[in-house]
Amino acid sequence: MTQAGYEYDLPILKRHCDEYGLPMLTNPVLDTKAMFTYIHPEINEVVSTDFLIRYYDLNTDGIHRHNALVDCGVIAGIFESILSEYEELQLDHFIADPKQMMKRFVIPEMYLT
């Protein structure tokens, strides 16, 4: 599970795998930003971690963000909130639609080369 995996994590991993001659990971990825936009196509804002924290009214008081372990806990809280929405909507699937994602997911050029 990632937050911004399609726009950040996976392009960086691919670039480094290519650079060092390593095979790219092939395991499935759940991206909370992509999952959120799938059920909220009406939202046109950038769906950042901070946006999702505010949207789901998650309490992050006293949390020092941008620490890998702490961020995992924050993303897990976001993921749980999204899964609750999927359950409420009676959705049991997720399809990553690049057209939908690309209006808010921009891969910086530096990660593409």
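Residues here are called buried under 20% relative accessible area, exposed over 50% and partly exposed in between (1.4 Å probe, protein chains only). This is a predicted model, in which local features need pLDDT of at least 70 and side-chain atom pairs count only at pLDDT 80 or more, while totals for chains, interfaces and linings use all residues. Numbering runs from 1 along each chain as its sequence is written, and side-chain values use heavy atoms, with hydrogens and water left out.

Start by colouring the protein chain by pLDDT, the predictor's confidence in each residue, from 0 to 100. The chain averages 82, and 81% of the residues score at least 70. Helices are DSSP runs (H or I, at least four residues), numbered from the N terminus.

Next, select F36, F51, L52, I78 and I82. These have the most contacts inside the largest nonpolar core, which has 15 residues. Elements giving two or more residues to this core are α2 (32-39), α3 and α4, and α4 supplies the largest share, six residues. Such a core is a set of buried Ala, Val, Leu, Ile, Met, Phe, Trp, Tyr and Cys residues joined through side-chain atoms within 4.5 Å.

Now move to D57, in the loop between α3 (49-55) and α4 (68-88). Its phi is near 55°, a positive value in a residue other than glycine. D57 counts as exposed because its relative accessibility is 69%.

Finish at Q90, in the loop between α4 and α5 (98-102). Q90 is not a glycine, yet has a positive phi of about 60°. With 72% relative accessibility, Q90 counts as exposed.
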